[in-house]
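Please read them with the structure open.

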Amino acid sequence: MPHQMSPAAQRALIVANPAAGRYRSAVVERLAAVCRARLTSVAVHRTTGPGDATDAVRRAVAEAPAGQRPDLVVAVGGDGTVREVAEGLVRQGADDTRAALFIVPAGSANSDYRMFWDDRPWQETLSGVLGPGHRAETRRVDLARLAETGAHVLLGSCTGLGAQILSRVKTLPGAGRERYARALAEAAAGYRPYPGRVTVDGVPLAEGPTILANVGGGRYRAGQFLLLPHSEPDDGLLDVCVIDGRTDPARLPELTRDGRHVGLPGAAYGRGRRIVVERLDGERLVLEHDGELQDRTGNTATFDVVPRALPVWAAAAP
């Protein structure tokens, strides 16, 4: 998908989550100072709880007078914060002048940031956005819409083992991606597959004992596991990888580090516009998306692609 250079930003809204795993007030102050030195106006909003980031962004980009609306929205937090900010942005409508998202990684995994910048320091990437030259560009990336809740998914959604590690990771000491790796290893050791089925555009992809099904546009989960190695965030399609009971769950941390799970007998990989994930025994599907557990989906999760829905600042193409 061709990308486009964007006009220089003039007005910024910084949305920072003080509860994020690696949040530091000094980082927000430094970020705001850099932005104020380059931009016409800068506002800072510190979130107060779930959903507040979405509300703050929606007010700023849709309800403020036209001349005061930000054209750059900076999310400071983890993947959950980034998703909330994206939800607020995608509701601004189809106007091509909409604000674009920039991410400052302050969470534990920061998979969204890695999708667009790899692991380059945010100070360097912000310079590419605010400074002269062509070191950054906006990409209009696809989202998924979870039909059962109406929520949009930016990074991806995972069932089974991929969702269960979220409750475990909160009980472990330490921080960052290493904690997610330990949580996955511990959860995998005693994991029992669930009876599942996945269809892509109405065609069955996999059915039977299921360890996990991962749907989305981001290649990495937990900042390090390459579950969707072929995914492109702006190709108009959702990728899905299903790992079934033929794979030893204990091997997943090793296999998914570099995408070696793809092509094994226990994995199925697909791409389409609608992905349906089901649990077939009538029990609730254990599901997360963008790093947050979901409890309103029942035994089925239906994902529809929303093409080119969100403008995001990313590294310029070579």
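**Notes on strands, packing, cysteines and a cavity**

1. Strand E3 (residues 72–77) and strand E4 run parallel and are joined by six bridges; two strands count as paired if DSSP finds at least two bridges between them. The bridge partner of Gly 77 is Pro 105 in E4. Strands (E, at least two residues) and helices (H or I, at least four) are DSSP runs, numbered from the N terminus. This is a predicted model, in which local features need pLDDT of at least 70 and side-chain atom pairs count only at pLDDT 80 or more, while totals for chains, interfaces and linings use all residues. Residues are numbered from 1 along each chain as its sequence is written, and side-chain values use heavy atoms, with hydrogens and water left out.

2. Strand E4 (residues 100–105) is largely enclosed by the rest of the structure, because five of its six residues are buried. Buried means under 20% relative accessible area, exposed over 50%, and partly exposed in between (1.4 Å probe, protein chains only).

3. Helix H6 (residues 161–169) has Leu 161, Gly 162, Ala 163, Ile 165, Leu 166 and Val 169 buried. The buried residues of H6 pack against several elements, including strand E7 (156–159), helix H7 (177–189) and strand E9 (203–216). Contact here means heavy atoms within 4.5 Å.

4. How many disulfides are there by the rule used? The count is zero, a disulfide being a pair of cysteine sulfur atoms within 2.5 Å. The sulfur of Cys 158 has its closest cysteine sulfur in Cys 241, at 9.0 Å, which is too far for a bond. Cys 158 is buried at 2% relative accessible area, and Cys 241 is buried at 1%.

5. One cavity of 30 Å³ or more is present, and the largest cavity has a volume of about 40 Å³. A cavity is a set of points, on a 1 Å grid over the protein atoms alone, where a 1.4 Å probe fits but cannot get out; lining residues have an atom within 4 Å of a point. The volume is the space filled by probe spheres set on the points, which are joined across faces, edges and corners. Among the lining residues are Asp 142, Val 153, Gly 216 and Leu 238. Strand E5 (residues 136–146) gives the largest share of the lining, three residues.

6. Pro 50 lies in the loop between strand E2 (41–46) and helix H2 (52–63). Pro 50 counts as exposed, at 87% relative accessibility. Pro 50 and Gly 223 are 173 residues apart in sequence and 22 Å apart in space, C-alpha to C-alpha.

Key: On a 1 Å grid over the protein atoms alone, a cavity is a set of points where a 1.4 Å probe fits but cannot get out, and a pocket is an open set with protein on both sides within 12 Å along at least five of seven lines; lining residues have an atom within 4 Å of a point.
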